[in-house]
Amino acid sequence: MTLGTADLTRLDRAHIIHPYLPGSATERVVMTAGSGCRLTDTEGRSYLDATGGLWLAQVGHGRTELADVAHEQMKKLEYFTSFWEFSNERAIELAARLASLAPEGMNHVYFTSGGSEGNEAAIKMARYHHHRRGEGSRTWILARSKAYHGIGYGGGSATGFPVYHEGFAPMMPHVSHLTPPWPYRSELYGDQPLSPAQVTDFLVRELEERIAEIGPRNIAAMIGEPIMGVGGMLVPPADYWPRVREVLDRHGILLIFDEVVTAYGRVGEWFAAQYFGVTPDIIVTAKGITSGYVPLGALLVGDHVAEVLLRDHGFPMGYTYNGHPVATAVATANLDIIEKEGLLARATGLGAFLHGELQAQLGELPVVGEIRSVGMMLAVELVQDRATRAPLPLHPDRMPHDVIRRETGVIVRDSAHSLVLSPPLVMTEAEAGEVARALRGVLERTGPTGEIRAA
């Protein structure tokens with residue numbers, strides 16, 4: 001028996017705890033099918049997915065070739081542990097593939113089931129690396145305000161939003177948050193507007209001061225998203241990461257790139273590390289590695305770090321699904337699609353096209369302060385007033401992204417007073433135009449206090 005929307009909604013409300021959804025919320029959108037950038041719900045309504053789910057549907061929905069790969073692998077070997085000396089063909093093949101794509105000198109891979117697990121592992125790796133080298137005092141982790149590093153206690157403590165800490169305290173000790181690179185918000189850096197180069201100067205000076213305050217021999221690593229996703233798709237000045245890398249190297253502090261969002265073509269390169277011309281010590285990836293078809297994550301680890309971790313009894317932590325054969329088989333097939341269909345170049349070209357469409361449709365609207373993009377990561381900053389740049393007040397019962405979805409079927413995401421877009425890399429130019437027009441249709445009716453006039 002096939003259940004209808006009303007029954008599915010009733011059962012969902014009775015049994016499922018949804019992230020960030022209060023129990024009083026009655027609406028459910030129950031998806032049943034997807035193809036490319038399109039989704040269909042139980043009512044037969046079509047949606048245009050401009051979020052890639054949660055930043056991850058690189059190759060789009062409904063790729064039967066990925067389902068076939070999973071099916072074939074399940075018939076052959078569905079699972080066995082990768083602890084100790086055990087391994088499997090698919091995990092080995094994927095690890096070698098990732099090493100061939102990674103920045104030079106990152107030839108080791110540690111598998112997880114997702115980004116939160118990955119950031120937990122990376123923080124532990126950094127501390128353990130120093131411990132093994134006789135520097136056990138290096139326990140501090142530098143992070144940034146408005147960073148998002150998952151929901152574990154390590155990554156959650158490094159996350160720089162108070163809402164993710166409230167009610168979960170005490171958080172992990174020895175975490176210090178720095179100012180984020182956000183040139184549009186010049187008030188973060190003082191009374192006078194700063195150029196991008198001056199923003200970097202400010203942030204590097206702050207970093208040096210914080211290192212001196214904590215003590216360089218007490219700091220294990222700095223963790224950072226190359227481009228801050230949940231924070232509102234915040235793009236740092238071009239010289240930011242190279243200069244941060246130089247400071248950290250000088251003090252023996254490891255650099256962890258949280259590329260859970262940015263890796264696997266999202267920014268037009270396999271990794272944002274390549275986009276910024278920086279080689280971290282550890283890169284945390286997940287999401288786009290399988291385009292969401294199967295949960296999987298992978299840490300790319302610098303040889304100098306791995307050599308220390310692999311001494312004696314090895315790295316003493318593992319997840320049940322490390323190197324899962326079905327997940328790693330799907331990941332390899334997903335990377336094949338990205339490569340075969342030229343989706344890295346497409347992310348750059350179509351991302352520029354979508355940025356142009358957004359600029360043409362929204363650029364003069366009073367509530368639009370800035371449109372940011374790198375590849376297929378885009379954000380529309382919402383303001384009360386373009387001159388003062390004060391953030392637009394948001395009404396929880398009538399958020400712009402909710403109105404856009406209900407009125408047009410286009411799914412975008414609200415994040416830190418910005419509308420964030422991260423579409424599948426297979427989006428067409430026609431669909432990009434549809435997204436821009438849908439945003440205009442709502443934002444042109446949005447006033448400076450956040451109210452949205454009826455259509």
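Which residues of helix H13 (residues 400–408) are buried? The structure is a predicted model, in which local features need pLDDT of at least 70 and side-chain atom pairs count only at pLDDT 80 or more, while totals for chains, interfaces and linings use all residues. Residues are numbered from 1 along each chain as its sequence is written, and side-chain values use heavy atoms, with hydrogens and water left out. Helices (H or I, at least four residues) and strands (E, at least two) are DSSP runs numbered from the N terminus. Buried stands for under 20% relative accessible area, exposed for over 50% and partly exposed for what lies in between (1.4 Å probe, protein chains only). On that basis, the buried residues of H13 are Pro400, His401, Asp402, Val403, Ile404 and Arg405. Contact is taken as heavy atoms within 4.5 Å, and the cover over these H13 residues includes strand E3 (46–49), strand E12 (377–382), strand E15 (418–421) and helix H14 (429–443). Just after H13, Gly409 adopts a positive phi of about 80°.

Confidence comes next. The predictor's confidence in each residue, pLDDT, runs from 0 to 100. Its average over the chain is 96, and 100% of the residues score at least 70. Within the chain, the lowest confidence falls in E14, with a mean of 92, and the highest in E8, at 99.

Val199, Phe202, Leu203, Glu206, Leu207 and Arg210 are among the buried residues of H7. An α-helix has 3.6 residues a turn, so residues three or four places apart point the same way. Strand E5 (140–144), strand E6 (175–178), strand E7 (219–224) and helix H8 (240–250) are included in what covers the buried residues of H7.

Turning to the strands, two of them count as paired if DSSP finds at least two bridges between them. Strand E11 (residues 368–374) pairs with E12 in the antiparallel sense over six bridges, and Ser373 has Leu378 in E12 as its bridge partner. The two strands form a hairpin with two residues between them, and Gly375 in the turn has a positive phi of about 55°. Phe257 belongs to strand E8 (residues 254–258) and counts as buried because its relative accessibility is 0%. Leaving aside residues up to four places away in sequence, the contacts of Phe257 include Gly224, Trp241, Ala273, Ile282 and Val284.

The interior can also be described through nonpolar cores, each a set of buried Ala, Val, Leu, Ile, Met, Phe, Trp, Tyr and Cys residues joined through side-chain atoms within 4.5 Å. The largest core holds 102 residues, of which Phe271, Val380, Leu439 and Leu443 touch the most other members. Helix H11 (residues 325–340) gives the most to this core, with eight residues. A second, separate core of 29 residues includes Ile123, Val284, Leu299 and Phe315. Leu443 touches, among others beyond four places in sequence, Leu362, Val368, Val380, Pro400 and Leu419.

Some backbone details deserve a look. Most residues other than glycine have a negative phi, and most peptide bonds are trans. The bond from Ala169 to Pro170 is cis, with omega near 0°, and Pro170 sits in the loop between helix H6 (153–158) and E6. Lys146, in the loop between E5 and H6, has a positive phi near 65°. Lys287, in the loop between strand E9 (282–285) and strand E10 (297–301), also has a positive phi, near 40°. Lys146 is partly exposed because its relative accessible area is 26%, and Lys287 is partly exposed at 22%.

Finally, aromatic rings of Phe, Tyr and Trp (its six-membered ring) pair if their centres lie within 6.5 Å, with planes under 30 degrees apart counted as stacked, over 60 as edge-to-face and the rest as tilted. This rule gives 14 aromatic pairs. Tyr79 and Tyr321 make an edge-to-face pair, 5.9 Å centre to centre with 70° between the planes. That pair links distant parts of the chain, 242 residues apart. Tyr20, Tyr148, Phe161 and Tyr164 are joined by ring pairs into a cluster.
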